[in-house]
Amino acid sequence: MALTLYVDTARWRAHQQTVLQQFPGIVPVCKGNGYGFGHERLAEEAARFGADILAVGTTYEAARMKDFFSGDLLVLTPFRRGEEPVPLPDRVIRSVSSVDGVYGLVNARVVIEVMSSMKRHGITEQDLPQLHAAIENVRLEGFAIHLPLDRTDGIDAVEEVIAWMDRLRAARLPLHTMFVSHLKADELARLQQQFPQTRFRARIGTRLWLGDHESTEYRGSVLDVTRVAKGDRFGYRQQKATSDGYLVVVAGGTSHGVGLEAPKALHGVMPRAKGVARAGLATVNRNLSPFVWSSKQRWFAEPPHMQVSILFVPGDVPAPQVGDELVAHLRHTTTQFDRLLDR
């Protein structure tokens, strides 16, 4: 009995091919939990469609991925002096976001990140005069810019990249390769047309692996079903059942990421109202689970356990049977499956 990720492999790979065609020279990203598929599986997929480079989040991920992927590995987290040294092969490329960081990576292969409107990290325009001397002792693979997803001020993403290209060109820095994130296919084409001497390479993870939501599905196996009457006590905290129904024990708990959710940016009145409503229900121990039975998401009977969740199914709904699988609406980047099955 398990929490299973089912993958419609033909459909998933067809979507990959669509993205590959839209973004020539793509740099597939495999970081965190491998977007829910795991590092090894995504390394296999990247090798299958012929990627020459794979982007990972940290040096620790690079150390693991080197055994699964034979091409170059680009570490997205910027280098900092004093970080724990991790033995890595020469095919690993480090991101750098400061002049000091460039000086700290003598003879290394580096990509220099520039500061975008994200304002997360990157060199600034004021740093450019110092870069000439700094890059003499490294193998510069190119520059990179990480753009925001939303643009509430109306500034065009392409114009932001062009502005940096102009700054780098004015500083007489090499512009053979520019790594970009969060650009649309037509935006990338515009840049390539305007700067034909520069190779633009899109770093893409979510759109590549998770762009077709219908190609994957999580399901949790039903382990036990127990009938309860209104007023019966149950669970760790011995709460009372509020009505007649069933306690359904299903595979998938906190160790899988069930019940864990990243904070969301809410825009507009309706999303905020729903957020307030959910928070209000939570104060009286009413939390909606990700598991679906009889066409509805069912409530947690109590907070999820480490490896299972207990759901409440009302008595007027047919109860699931042991061995049934319940579809679960889970976020790939925070979920750990027990098994992955291709179909």
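Predicted model: local features only at pLDDT ≥ 70, side-chain atom pairs only at ≥ 80, totals over all residues.
Student: Is Gly34 buried or exposed?

Tutor: Buried means under 20% relative accessible area, exposed over 50%, and partly exposed in between, with a 1.4 Å probe and protein chains only. Gly34 is buried because its relative accessible area is 0%. Helices (H or I, at least four residues) and strands (E, at least two) are DSSP runs, numbered from the N terminus. Gly34 lies in the loop between S2 and H2.

Student: Which residues does Gly34 touch?

Tutor: Contact means heavy atoms within 4.5 Å. Not counting residues up to four places away in sequence, Gly34 touches His39 and Leu42.

Student: Which residues of helix H2 are buried, and what do they pack against?

Tutor: An α-helix has 3.6 residues a turn, so residues three or four places apart point the same way. H2 covers residues 39-48, and its buried residues are His39, Arg41, Leu42, Ala43, Glu45 and Ala46. These pack against several elements, including helix H1 (9-22), strand S3 (53-56) and helix H8 (206-210). Just after H2, Gly50 has a positive phi of about 85 degrees.

Student: Which strand pairs with S14?

Tutor: Two strands pair if DSSP finds at least two bridges between them. S14 (residues 288-293) and S15 (residues 296-300) run antiparallel and are joined by 3 bridges. Val292 stands opposite Gln297 in S15. The two strands form a hairpin with 2 residues between them, and Ser294 in the turn has a positive phi of about 55 degrees. S14 is mostly covered, with 5 of its 6 residues buried.

Student: Which residues have the most contacts inside the largest nonpolar core?

Tutor: In soluble globular proteins, nonpolar side chains tend to be buried together. A nonpolar core is a set of buried Ala, Val, Leu, Ile, Met, Phe, Trp, Tyr and Cys residues joined through side-chain atoms within 4.5 Å. The largest nonpolar core has 92 residues, and those with the most contacts inside it are Phe37, Ile112, Leu131, Phe143, Phe200 and Trp209. Helix H6 (residues 157-170) gives the largest share of this core, 7 residues. A second, separate core of 9 residues includes Phe234 and Val249.

Student: What is the volume of the largest cavity, and which residues line it?

Tutor: On a 1 Å grid over the protein atoms alone, a cavity is a set of points where a 1.4 Å probe fits but cannot get out; a pocket is an open set with protein on both sides within 12 Å along at least five of seven lines; lining residues have an atom within 4 Å of a point. Grid points are joined across faces, edges and corners, and a volume is the space filled by probe spheres set on the points. The largest cavity has a volume of about 40 Å³. Among the residues that line this cavity are Glu113, Lys119 and His146.

Student: What is the volume of the second largest pocket?

Tutor: Its volume is about 890 Å³. Of its 32 lining residues, the closest to its centre are Lys31, His146, Leu149, Ser181 and His182.

Terms used: Residues numbered from 1 in each chain as written. Heavy atoms only, no water.
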